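Hi,

Here is the structure I promised to pass on to you. Have a look at it first, and then read on for my notes.

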Amino acid sequence: MAVNLVNVEAVSKVYGTRALLDGVSLGVSEGDRIGVVGRNGDGKTTLIRMLAKLEEPDTGRVTQSGGLRLGVLTQHDSLDPEATIRHEVIGDLADHEWAGNAKIRDVLTGLFDGLDLSGFPQGLDTVIGPLSGGERRRIALAKLLIAEQDLIILDEPTNHLDVEGIAWLAKHLQARRSALVCVTHDRWFLDQVCTRMWDVQRGDVYEYEGGYSDYVFSRAERERIAATEEAKRQNLMRKELAWLRRGAPARTSKPRYRIEAANELIADVPPPRDTSELMKFASARLGRTVFDLEDVTVQAGPKVLLKHLTWQLGPGDRIGLVGVNGAGKTSLLLTLATAAFSQGEEQPVAGRVVVGRTVRLAYLSQDVTELPPTLRVLEAVQQVRDRVDLGKGREMTAGQLCEQFGFGKEKQWTPVGDLSGGERRRLQLLRLLMDEPNVLFLDEPTNDLDIETLTQLEDVLDGWPGSLVVISHDRFFIERTTDRTFALLGDGTLRMLPRGIDEYLERRARMVEAAAPTPPPAPAGAVKEKSAADARAAKKELQRIERQLDKVSDKETKLHAQIAENATDFEKVAKLDAELRELADERDELEMRWLELAEDA
């Protein structure tokens, strides 16, 4: 029988006049992996701080088992700013001790891309004080994961991690024996690591079995049975449920409860978006040309990030952009935005960007636009315009769109200066959409947004007719809102990935493996040496494969151009896309063979 680690009994917590938690009772046992979700401000962080005894309840009590080994990652670290990374993470262990520890090596490689911490000025001996908040947070996470605990409590652990880092963390937590309680807005991550969900809503906590997908099933059905008055939120939940059932492969590993009832619930829910209709409408708004890049070089200062890039963003294209940090994702969007806002006058250092005459670009950067703090939310939106056309005959007033983005009637009269970081992010998105753009660039749009706001944003984007490029480390959001994925792999190229982020992670793993240092030679006589003739043969075949890879790359470029030219001929696009998939498979086989031969050569 599993041992209880923490018990929460009839706990209440009030801030001002608002009850965040009202008579909540629950517990955490050995082996539990619990994900905590809810709207910003509903009490998720307060709940886990009380679990960790970092905050006391107003009434009720929290008890922990005797000798509990507890690890907590809060949103504000307690690292010593004068200490080095080595001192905080590894402590007094000698180099040969920690380097011989598989867990320490795994954590440092997973979070910092190598044991030498090449991203920091002095590696392990870097002083923590001058580092950024994101760097400090990764250090705090590494310190926690290297230790042994019975229970780990994590508050937004995926913040400041890229796609690879999030995938590594999920795999690492799956392999640990510690119990886990985790607050995060990353829905893919919740599905990977959690077997139970706590939904914090209006002072109560609802418990569900399974990961995020199971939670969506169960909550949608519970809301139907309870006949809640929140019709809009219920409709959004049903729409997300329909997408989970139809649009993506099964994401849950747990038995689903009352699946037949869940299927009946979505029987009348159409697909999230009618792609062909949106493409037609986008073509009418944008014409044939949106962005055409011809032999473009993208630089950040003296560093060349992309070279000889020929690519097209067509009308109605919905692109997800992923890549290693520093590969040039944001720089690529800035290059396109600069050309658009200057009406083609400002061009990259090499090559040319052709911008369509009808392009109206809106660019959501990672920096939140500052507005006068005394300005009210509704006034900030109405500054742009009073009504917005969302396409297909849908029109919304500024007030209606405010409500859809979680700003109720009372909240619309809140001064901007009183908004949280997530609320200011929502307001920034609102203002962009009110300007009726036909091209949207979203750079990390999910930062600081809770899951309910994310589903509302996804709902708006489902019916938005235009071209869309999204940079995000949130796999769920990219898969939900875009149709194709492109990757910057850090080698100066942009590649389409037919199998999406799974393919990106596979490619990155192969690149990391290929770049790994050569292991020391085996003792003399232990392995028979390759003959000179074998080495020459391997080199010859390597050259042949490299020529084949160049041909495949040329064919891919031509097919991308043909797809853009025939964007409205959906039968031809489907045929060309099938050819692209075949070429991707051929490229994968050639790259695998190249890696095998590289050792022989």
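Which residues gather in a patch of positive charge on the surface? They are Arg547, Lys551, Lys555 and Lys558. Please keep in mind that this is a predicted model.

Let me start with Arg547, one of the members of that patch. Arg547 sits in helix 19, which covers residues 532-565. Its relative accessible area is 52%, and exposed means over 50%, so Arg547 counts as exposed.

Tyr363 is the other residue I looked at. You will find Tyr363 in strand 14, made up of residues 361-364. With a relative accessible area of 16%, Tyr363 is buried, because the cut-off for that class is under 20%. What does Tyr363 touch, leaving aside its neighbours within four places in sequence? Its contacts are Thr330, Leu333, Leu334, Ala337, Phe341, Leu432, Phe441 and Asp443. Ala337 is 26 residues away from Tyr363 along the chain, and 7.5 Å separates their C-alpha atoms.

Now for the overall picture. The protein chain has 601 residues, and 51% of them count as buried. It contains 20 helices and 20 strands. Taking the contacts between residues at least 6 apart in sequence, 70% join residues at least 24 apart. The chain exposes about 28,500 Å², with carbon and sulfur atoms supplying 48% of that area.

Conventions
Residues numbered from 1 in each chain as written. Predicted model: local features only at pLDDT ≥ 70, side-chain atom pairs only at ≥ 80, totals over all residues. Heavy atoms only, no water. Patch = residues over 30% accessible without salt bridge, like charges linked within 9 Å, V, L, I, M, F, W, Y side chains within 5 Å. Areas by Shrake-Rupley, 256 points an atom, 1.4 Å probe, with all protein chains shown as cover. Salt bridge = Lys/Arg side-chain N within 4 Å of Asp/Glu carboxyl O. Lys, Arg positive; Asp, Glu negative; His and termini not counted. Charge placed at Lys NZ, Arg CZ, Asp CG, Glu CD. Helix = DSSP H or I, 4+ residues; strand = E, 2+ residues; numbered from the N terminus. Buried < 20%, exposed > 50% of the residue type's maximum accessible area, 1.4 Å probe, protein only. Contact = heavy atoms within 4.5 Å.
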